[in-house]
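Good morning. I have one structure to go through today, and I will keep it plain.

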Amino acid sequence: MRRTITRGIAVIGAAALLALGTACSNEREGSGSTGKDTSDAKGGFAQDGLVGVALPAKTSENWVLAGDLFTNGLKDAGFKADVQYAGASTTVADQQAQISSMVTKGAKVIVIGATDAAQLSTQVAQAKQAGATVIAYDRLITNTKDVDYYIAFDNFKVGQLQGQALLDGMKAKKAKGPYTIELFSGSPDDNNSKVFFDGAMEVLKPAIDKGDIVVGSGQTDIKQTATQGWKAENAQSRMDSLLNSTYTGKKTLDGVLSPNDTLARAIITSVKGAGKPVPVVTGQDSEVESVKSIMAGEQYSTINKDTRKLVAETIKMVQSLQKGDKPTINDTKSYNNGSKVVPSYLLPPVIVTKENAAEAYANDPKLSPLTK
Ligand code: BGC
């Protein structure tokens, strides 16, 4: 079920993997089964080489944080840094232009948090032609072989943790089902949205099939659950209409699968506005307001994907490339972008509820005080 364009061909045999490696033999990266990148690395580049970082719009706190961390971290490591965000409305065109400009300026590595996974093939082809290495950051870039590495928290795992948290949270509140829920997913242009949703559905679908969980509106298709642009107002208005159509009178809902914190808070606002009890709502990103809400007993869960770690690991990758070394990767099978399996470095996401928040954020000076 998780074998989508985005996630994995784990079932593929070793021989087929090898064949795939041969098919991609023009690439520097291999798909060695040892988890090590076995192909030849390029010759490196000057210590103060230019590194471009193209980030999407600031749709959640993690992106805001990443920009600052990249700017400072790359500078501290001795690189020149060009860190750009796609604008709030013309995100795709903005990002395309920013990447092209990084190529023109001679960037040696371009790190991309794609605003639209499928709309960057021209720009990454330009980057490759100019000899730059392309790293997909947090979000995979699809349908192109011109992406060298992928670095992210394991997104499928994020979805599985969300699905499990939803089940656990509902069971803790009410020992016996059936439970009534609604499903939300992220922006369709973000490759992660489907991966999160598929991960969650892998956990939820058996319970839905058995009738232990009922999706009140019947909207279980990702197209019906999507939240364009990851915008809070879009999630809030969809929740408003679900409440008006499906939860009239005394009808309540037990849980909502929300793919991230921004949308979780919008969903909670909508439910409260309708005068209904707040259901179990999942989230992601450990945003300040959501951590507060979890500690106050409102939002049920979030996911800790420590942006400081992800950026630090990305900068390590850049440093390896600068030296002409092969960057460390730990996954050579999970993230198929439709053109190739992209060698990946995946970090483990952590589920956070009120119960383990203090422990989960112990090393985070911003979040740990909120848990006291
Ligand atoms: C990120 C999430 C984030 C979402 C919206 C996704 O690609 O992985 O952490 O919540 O974008 O910004």
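I will start with the ligand, then move to the strands, and end with a few single residues.

One caution before that: this is a predicted model.

So, the ligand. Which residues are closest to it? They are Ser60, Asp138, Arg139, Asp190 and Asp285, and the ligand has 14 residues around it in total. If we sort that shell by type, three of its residues are nonpolar, six are polar and five are charged.

Now some distances. In Thr59, an N or O atom of the side chain is 2.7 Å from an oxygen atom of the ligand. For Ser60, the distance from a polar side-chain atom to a ligand oxygen is 2.5 Å. For Asp285, a polar side-chain atom is also found 2.5 Å from an oxygen atom of the ligand. How much of the ligand does the protein bury? On its own the ligand would expose 310 Å², and the protein buries 100% of that. Two elements give two or more residues each to the shell: helix 2, which is 61–76, and helix 6, which is 191–210.

Let me stay with two of the contact residues. Ser60 sits in the loop that links strand 1 and helix 2. Is Ser60 buried or exposed? Its relative accessible area is 7%, and the cut-off for buried is under 20%, so Ser60 counts as buried. In space, the C-alpha of Ser60 is 8.2 Å from the C-alpha of Asp261, although 201 residues separate the two in sequence.

The other one is Asp285, in the loop between strand 9 and helix 10. Asp285 is buried, at 12% relative accessibility. Its phi is positive, about 110°, and Asp285 is not a glycine. Ser286 is found in that loop between strand 9 and helix 10 too. Ser286 is another non-glycine residue with a positive phi, here about 55°. Its relative accessible area is 5%, which makes Ser286 buried.

Next, the strands. Strand 1 runs over residues 50–55. Why do I call strand 1 largely enclosed by the rest of the structure? Because six of its six residues are buried. As a general point, side chains in a regular strand alternate between the two faces of the sheet. In strand 1, Leu50, Gly52 and Ala54 point one way, while Val51, Val53 and Leu55 point the other way, and all are buried. Strand 1 runs parallel to strand 2, residues 80–85, and six bridges join them. One of the pairs to look for is Val53 with its bridge partner Val83 in strand 2.

Strand 11, residues 344–347, is covered on both faces as well. Ser344 and Leu346 are on one side, Tyr345 and Leu347 are on the other, and all are buried. Strand 11 is parallel to strand 5, residues 149–153, with four bridges between them. There, Tyr150 has Ser344 of strand 11 as its bridge partner.

In what order do the strands stand? The order is 7-6-8-9, and the pairing is parallel. Strand 7 pairs with strand 6, residues 179–183, over three bridges in the parallel sense. In that pairing, Ile181 is opposite Val215 of strand 7.

Two last places. Gly177 and Pro178 are joined by a cis peptide bond, with omega at about -5°. Pro178 belongs to the loop between helix 5, 155–173, and strand 6.

Finally, Lys292 is in helix 10, residues 288–295. Lys292 has a relative accessibility of 39%, so Lys292 counts as partly exposed. Its C-alpha is separated by 9.1 Å from that of Leu367, which is 75 residues away along the chain.

Notes: Residues numbered from 1 in each chain as written. Predicted model: local features only at pLDDT ≥ 70, side-chain atom pairs only at ≥ 80, totals over all residues. Heavy atoms only, no water. Near = heavy atom within 4 Å. Polar contact = N/O pair within 3.5 Å; in protein donor to acceptor, adjacent residues only side chain to side chain. Areas by Shrake-Rupley, 256 points an atom, 1.4 Å probe, with all protein chains shown as cover. Nonpolar A, V, L, I, M, F, W, Y, C, P; charged D, E, K, R; others polar. Buried < 20%, exposed > 50% of the residue type's maximum accessible area, 1.4 Å probe, protein only. Pairing = 2+ DSSP bridges.
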